[in-house]
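Please consult the sequence and the structure shown below while reading this report.

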Amino acid sequence: MTMERVLEVLGTPELFERYTPGLERFNAQWTPGEKEPVLETAKLGWMAEQGFIDSACFEDVDTCLKMVAADEELDFVLRFLADMLFISGKPWDMDVYFTPSPPALGKYGPTFALILFLCALEGGVTRARRHGIPEDMVAQMKGPFFDITGGKPDPVWGARGGFHWNVSCSQGTMFFVDTYRYELHTMPDGYRLYRRRSDGKLLTVYTAANRFDEFGQFAWSDEQVAFRTEAFGKKPGGYPIHPEGRVVNRPLELSEDEWEPVFCEGDRSLGYHIPSKIPYTIESLQHSFQEALEFYKKYYSKLNVRGIQCYSWLYSPQMREIMSAGSGINRLNSHLYLSPVPSGPDGFYEFAFHTEGEFDPDTAPADTSLQRGFIDYIRKGGRVHNGFMFLPAADVPRLCDDPRSLYCYDLFED
């Protein structure tokens with residue numbers, strides 16, 4: 001089956017890049033005919049008995065599985081996705097940001113996604129127990145299922161919106177540790193952290209080809225482009241990123257004698273999610289990082305976790321313009337090495353204003369200093385991005401130190 005046909009069957013416009021070679025491999029080994037079911041009824045039973053799912057979903061799941069088994073294309077696509085997610089893929093390859101709902105299944109289309117979620121949940125619970133994770137931690141995996149419809153009653157067992165989040169929670173690699181939720185990730189392509197051997201200070205660089213505006217942020221359009229970066233390849237160095245989160249158009253080649261790579265693209269990392277309504281201080285952040293590193297070292301000892309990372313609106317490089325220097329967010333962010341990320345202002349809309357889609361500054365609430373600062377900033381022509389935070393695991397104990405003792409500010413001072 002071609003990728004174009006897979007997309008048509010799923011009713012989705014695209015899949016991630018790694019699915020293309022995955023499809024070629026799956027096509028080569030595919031043989032139509034009778035096979036073991038993707039999801040066994042017995043496994044549904046024990047998940048219900050232990051409280052991980054509600055048995056009321058059984059009838060819909062059974063009907064959908066029979067419809068899929070009777071349609072060769074649907075059967076192929078379901079097994080292909082299951083292979084990419086749970087067999088050839090790793091539990092931390094959490095890149096399913098779509099909600100598969102094949103049009104041919106009609107009202108049972110969303111149940112197709114539910115089946116994949118249940119496969120993830122069964123595998124995740126089994127994996128967590130095999131790693132010896134305590135049952136009170138495994139019990140955290142009971143929650144995501146009940147939010148799977150996003151509060152929408154029709155269809156009851158649908159997975160509209162949030163399929164990625166729910167699969168992530170159920171893979172047996174995402175847990176609340178201390179006050180933050182952590183999941184296994186890899187350092188994204190294009191970013192590297194180096195340590196200067198002479199004083200231990202950190203420098204983040206950008207190594208991919210891309211477009212940037214005059215503020216050192218990713219450009220959204222050709223009209224905004226002030227400079228372009230070129231791919232740096234494997235040689236040490238890149239385009240330096242100021243600790244406040246802007247790329248500088250001054251490519252650096254770094255000497256291996258003077259600089260040591262400590263956290264680079266592809267390295268295993270812990271990504272974290274910041275819950276609302278908890279103390280958010282550099283001390284609490286450091287403590288949680290330490291607890292998480294110990295947890296994953298104990299239960300996933302074969303994985304070499306090299307760093308901590310987070311993608312969030314909180315780490316927007318524009319926070320310094322939106323909020324005062326004395327604000328809690330900016331005081332905390334001054335301890336972190338921020339980096340720009342290709343993004344629009346959607347994260348701000350959703351989290352700061354609790355809205356999605358179009359944003360109107362004339363009708364948006366202005367009840368908090370964050371909301372007022374954001375509205376004022378965009379009215380003045382500012383462009384807002386989300387941001388990354390990267391930290392090598394070895395530097396967690398230094399997180400509360402003076403930032404100028406941690407990061408290479410001197411490289412950016414004329």
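The model is predicted.

**Helix α1**

Helix α1 comprises residues 3–10, and its buried residues are Met3, Val6, Leu7, Val9 and Leu10. Viewed down the axis of α1, these buried residues fall within an arc of 160°, so they line one face of the helix. The elements that cover the buried residues of α1 include α2 (19–29), α5 (72–87) and α6 (109–130). Just after α1, Gly11 adopts a positive phi of about 70°.

On one side of the pairing scheme is strand β3 (residues 191–196), which pairs with β4 in the antiparallel sense over 5 bridges. Within this pairing, Arg195 has Leu202 of β4 as its bridge partner. The two strands β3 and β4 form a hairpin with 5 residues between them, and Gly200 in the turn has a positive phi of about 80°. Strand β4 is also joined to strand β7 (residues 237–242) by 3 bridges, and these strands run antiparallel. Here the bridge partner of Tyr206 is Tyr239 in β7.

**Strand β12 and its partners**

Strand β12 covers residues 305–312; 6 of its 8 residues are buried, so the strand is largely enclosed by the rest of the structure. Strand β11 (residues 268–273) pairs with β12 in the parallel sense over 4 bridges. Ser269 has Gly307 in β12 as its bridge partner. Between β11 and β12 the chain crosses through helix α10 (residues 282–299), and this β-α-β crossover is right-handed. Strand β12 also pairs with strand β14 (residues 387–392), in the antiparallel sense and over 6 bridges. In β14, Met389 is the bridge partner of Cys310.

| Strand pair | Sense | Bridges |
|---|---|---|
| β3 and β4 | antiparallel | 5 bridges |
| β4 and β7 | antiparallel | 3 bridges |
| β11 and β12 | parallel | 4 bridges |
| β12 and β14 | antiparallel | 6 bridges |

Methods:
Residues numbered from 1 in each chain as written. Predicted model: local features only at pLDDT ≥ 70, side-chain atom pairs only at ≥ 80, totals over all residues. Heavy atoms only, no water. Buried < 20%, exposed > 50% of the residue type's maximum accessible area, 1.4 Å probe, protein only. Arc of directions from axis to C-beta. Contact = heavy atoms within 4.5 Å. Pairing = 2+ DSSP bridges. Right-handed = clockwise from strand over helix to strand, strands pointing away.
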